[in-house]
Amino acid sequence: MSHATRTTRGDRLRSAAAGLSAAVVAVGLAELVAAVVEPSASPFAVIGSGLIDLAPSWAKDAAIALFGTGDKVALITGIAIVLVGVAALAGILESRRAGVGSAILGALGVLALVAAMIRPGAGPFAWLPGLVAGVAAVVALRLLMRTVHPVPYLRAEHEERRRFLLWTVGVAATGLAALAIGNVARGATRSIEAVRTMLRLPAPTTAAPAVPAAAELDIPGLASVVTPNTEFYRIDTALIVPRIDPADWSLRIHGMVEREVVITWDELLTLPMTETHVTLACVSNEVGGDLIGNARWLGHPIRELLARAGVDSDADMVLSRSSDGFTASTPIEALTDDRDALLAVGMNGDPLPIEHGFPVRMVVPGLYGYVSATKWVTELQVTRFDRASAYWTDRGWSERGPVKLQSRIDVPRPGQRIDAGDAVIAGMAWQQHVGVDGVEVRVDEGPWRRAELATAISADTWVQWRLPWTAESGAHTIECRAIGADGETQTSDPADVVPDGAQGWHRIQVSVA
């Protein structure tokens, strides 16, 4: 291999490293500026949120199916990987033709700037982090490119390499330091958590009945009838979780009403509070999936607030809006009938976790979350389905989203190998606001057998079930189906999650030794 070839390859590597170093300092400085002046304008967050908004429904469904509640981490990781590749390429192109790589990195800054400016609720300084990112990337890349190629007659080649290494590492270290300081500067995260921890919620005027002892079958591997906050699924569009001080929170009720109502946090806490168990489910939950959980919620009935506003008799929908711009369209009857549709402030005896909507969210039994469970809610607009649409309905999902009758097998696990002899098949069943009357199970397409149903907390919660089974050696297929309190039997017809939730029987394969 010739010396010229080694030099060319070395130049490419150094140029790529220069591009990466420039990107690191740009990201670090931009994140620091965002943390100080406009946390929601973080370049990673606004670009990621833009990708979420632009992605077709099938891509979102695939991400949730593949990564579950880790979909946001996967997205950020993917953005970082792409940025690494683009930055390295920009460095190489800059070494070949001055200005090309700088233009690429500068364009990324402009992209972040524009994405931040068009986000709902963009602040007056939303443009600043993107501008800082673009300028920092261009300046850093041009400075570093001066150290990439050895300068004949001025320094020895090993001195040039040392100089390049010092500059490149120094610039990257500056970016990493800025990123670390930015994380520290996001003190609002810790301060809001401190406010949340210090809160003392009012006692409920209407307390939730005690969970019946017979509601929990105590079978290892079977989901708990009440889901701990730390295990509750989280699916939303927020890459950066909104941090809202309750003192700054308010809810505006407007639209087709007799009078506009604005309620503050302090006023909300003085209102009568209802406590109830409600199971929430994500419309993206596959048959047998785990994007579902049950909790004890504390909040004020939404119907009381709507009654205060005076709803127009022609209205048929409430468009709820989150502080980050997300919207959901809820049928008005689900918010005005006798179900416990709540403006919730508490979850399992504690203030709402920040990632689950602190300080206030909506909880509506019987509807999938995409049309009802708005977190960080700040606005209720009374309107009509033919006059307004919401985030997910704009993307091809159905307008009303009632929860479908479903059941799943938790024990044994799919693909599990178990010992022959006495065993148990167990799982969960649900159809919120209707209730479950029974569950049937069959093995290897044999006769359906009625499972033992635990005591349900209410018609708004899921219920456990179990069936004794004498397991014989070999491979087996197990299926289940639920029967609703209204007499409906869970359909065997398979359907994808789009446009209104998955359906079909849960079927697993197990091996018996």
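Analyst: **Cysteines, rings and backbone**

There are zero disulfides in the structure, a disulfide being a pair of cysteine sulfur atoms within 2.5 Å. Before we go on, please keep in mind that this is a predicted model, in which local features need pLDDT of at least 70 and side-chain atom pairs count only at pLDDT 80 or more, while totals for chains, interfaces and linings use all residues. Residues are numbered from 1 along each chain as its sequence is written, and side-chain values use heavy atoms, with hydrogens and water left out.

Seen from Cys 480, the closest cysteine sulfur is in turn that of Cys 282. Cys 282 is buried, at 10% relative accessible area, and Cys 480 is buried with a value of 0%. Here buried means under 20% relative accessible area, exposed over 50%, and partly exposed in between, using a 1.4 Å probe and protein chains only.

Now to the rings you asked about. The structure holds eight aromatic pairs. Rings of Phe, Tyr and Trp (its six-membered ring) pair if their centres lie within 6.5 Å; planes under 30 degrees apart count as stacked, over 60 as edge-to-face and the rest as tilted. One of these pairs is Phe 326 with Tyr 391, with ring centres 5.5 Å apart and planes at 45°, so this pair is tilted. Phe 326 lies in the loop between β5 (317–322) and β6 (327–331), and Tyr 391 in the loop between β10 (377–383) and β11, so the pair ties together parts that are 65 residues apart in sequence. The strand and helix names are DSSP runs numbered from the N terminus: helices are H or I with at least four residues, strands E with at least two. Phe 326 is buried at 14% relative accessible area, and Tyr 391 is buried too, at 10%.

Trp 392 and Trp 397 make an edge-to-face pair, 6.1 Å centre to centre with 75° between the planes. Trp 392 is buried at 15%, and Trp 397 counts as buried at 5% relative accessibility.

Arg 395 lies over the face of Tyr 391, 3.7 Å from the ring centre; a charge sits over a ring if NZ of Lys or CZ of Arg is within 6 Å of the ring centre and within 35 degrees of the ring normal. Elsewhere, Arg 481 lies over the face of Trp 448, at 4.1 Å from the ring centre.

The loop that holds Tyr 391 leads up to β11, so let us follow the chain there. Six of the six residues of β11 (406–411) are buried, so this strand is largely enclosed by the rest of the structure. Five bridges join β11 to β13 (421–430), and the two strands run antiparallel; strands pair if DSSP finds at least two bridges between them. Within this pairing, Arg 408 has Met 428 of β13 as its bridge partner. Pro 412 itself lies in the loop between β11 and β12 (417–418). A cis bond also runs from Phe 358 to Pro 359, where omega is near 10°, and Pro 359 sits in the loop between β8 (350–351) and β9 (361–363).

Two loop residues with positive phi complete the backbone visit. Asp 218 is a residue other than glycine with phi near 55°; Asp 218 belongs to the loop between α8 (187–198) and β1 (250–255) and is exposed at 64% relative accessibility. Glu 445, likewise not a glycine, has phi near 60°. Glu 445 is placed in the loop between β14 (436–443) and β15 (449–450) and is exposed, at 62% relative accessible area.
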